Amino acid sequence: MAKVYVFDHPLIQHKLTYIRDINTGTKEFRELVDEVATLMAFEITRELPLQEIEIETPVNKTTSKVLAGKKLGVVPILRAGLGMVDGILKLIPAAKVGHIGLYRDPETLKPVEYYVKLPSDIQERELIVVDPMLATGGSAIEAINSLKKRGAQHIQFMCLIAAPEGVEALKEAHPDVDIYIAALDEKLNDHGYIVPGLGDAGDRLFGTK
Ligand code: URA
């Protein structure tokens, strides 16, 4: 069964408060999302495998640990997921980046894929799907369906704020995908917004309305 991790590090929680605040403008919002994404990437990479290599310090020869070279990929769900990419790449610059674009069909209300561009070797990569908000879970589930259809084997999902409804839906649809969040909020409102949430993440990141 999928595990759900809530990153309650004080720095993450502090920055998240200002991300939520309606008085935080676009520039600061974008910077804070970037910083939280970096901090979350630090936590999510905790279990990366290491290997010993031989090195020489100015004092003597020794062995020391380096990353074992696990291949990683970051997959933002367009468009709000883009706001988290650079923050993650600061810590794992060698990761490849794929993109998945989804829109909501006005009649069925289901997410429909309109753009997919992925690294050619996704089946070998540990993929981190990112979207700031996990609301109903529809987009995350569809994005992960899309990755699995193309051969992805190892997928994690990372977001800033999740609604319990979204977490349950994602766990049920993809029990093999662990979920990393900065805050688990109360609920969804009638318009599909997370309460208390932060509003529309895409609009706040890009200054649109
Ligand atoms: N997407 C958002 O940007 N905000 C929400 O509250 C829910 C979905």
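**Before you start**

This is a predicted model, where local features need pLDDT of at least 70, side-chain atom pairs count only at pLDDT 80 or more, and totals for chains, interfaces and linings use all residues. Residues are numbered from 1 along each chain as its sequence is written, and side-chain values use heavy atoms, with hydrogens and water left out.

**Stop 1: the largest pocket**

Select Arg104, Asp131, Met133, Ala135 and Ser139. Of the 28 residues lining the largest pocket, these lie nearest its centre. A pocket here is an open set of points on a 1 Å grid over the protein atoms alone, where a 1.4 Å probe fits, with protein on both sides within 12 Å along at least five of seven lines; lining residues have an atom within 4 Å of a point. The space inside is about 750 Å³. That volume is the space filled by probe spheres set on the points, which are joined across faces, edges and corners.

Now colour β4 (72–78), β6 (99–104), β9 (133–134), α4 (138–149) and α6 (201–206). Each supplies at least two residues of this lining. Helices (H or I, at least four residues) and strands (E, at least two) are DSSP runs, numbered from the N terminus. By class, the lining has 15 nonpolar, eight polar and five charged residues. Nonpolar covers Ala, Val, Leu, Ile, Met, Phe, Trp, Tyr, Cys and Pro; charged covers Asp, Glu, Lys and Arg; the others, Gly among them, are polar.

**Stop 2: the annotated residues**

An unreviewed UniProt entry lists residues under "binding site", including Arg79, Arg104, Pro132 and Gly138. Those four are among the listed residues in the lining of the largest pocket. The "binding site" annotation in the unreviewed UniProt entry also covers Ile194, Gly199, Asp200 and Ala201. The lining includes these too. UniProt positions follow the numbering used here, feature names are shortened, and annotations may be inferred rather than shown by experiment.

Select Ala135, in the loop between β9 and α4. Ala135 is buried because its relative accessible area is 18%. Buried means under 20%, exposed over 50%, and partly exposed in between (1.4 Å probe, protein chains only). Beyond neighbours within four places in sequence, its contacts (heavy atoms within 4.5 Å) include Ala163, Glu165 and Leu188.

Step to Gly138, in helix α4. Gly138 is partly exposed, at 24% relative accessibility.

Next, select Asp200, in the loop between β13 (194–195) and α6. Asp200 is partly exposed, at 28%. Leaving aside neighbours within four places in sequence, Asp200 is in contact with Arg79 and Tyr193. Its side chain reaches the backbone nitrogen of Asp203 at 2.9 Å.

Move on to Ala201, in helix α6. Is Ala201 buried or exposed? Ala201 is buried, at 7% relative accessibility. Not counting residues up to four places away in sequence, Ala201 touches Phe29, Ala80, Pro132 and Met133.

**Stop 3: the second largest pocket**

This pocket has a volume of about 280 Å³. Select Ile44, Arg46, Glu47, Gln156 and Tyr180, the closest to its centre of the 16 lining residues. Elements giving two or more residues to this lining are α2 (26–44) and β8 (126–130). By class, the lining has nine nonpolar, two polar and five charged residues.

Finish on Tyr180, in strand β11 (residues 178–184). Tyr180 is buried, with a relative accessible area of 9%. Draw a C-alpha to C-alpha line from Tyr180 to Met40: they are 8.1 Å apart in space and 140 residues apart in sequence. Not counting residues up to four places away in sequence, Tyr180 touches Met40, Ile44 and Gln156, among others.

Key. A polar contact is a pair of N or O atoms within 3.5 Å; within protein, one must be able to donate a hydrogen and the other to accept it, and residues adjacent in sequence count only if both atoms are side-chain atoms.
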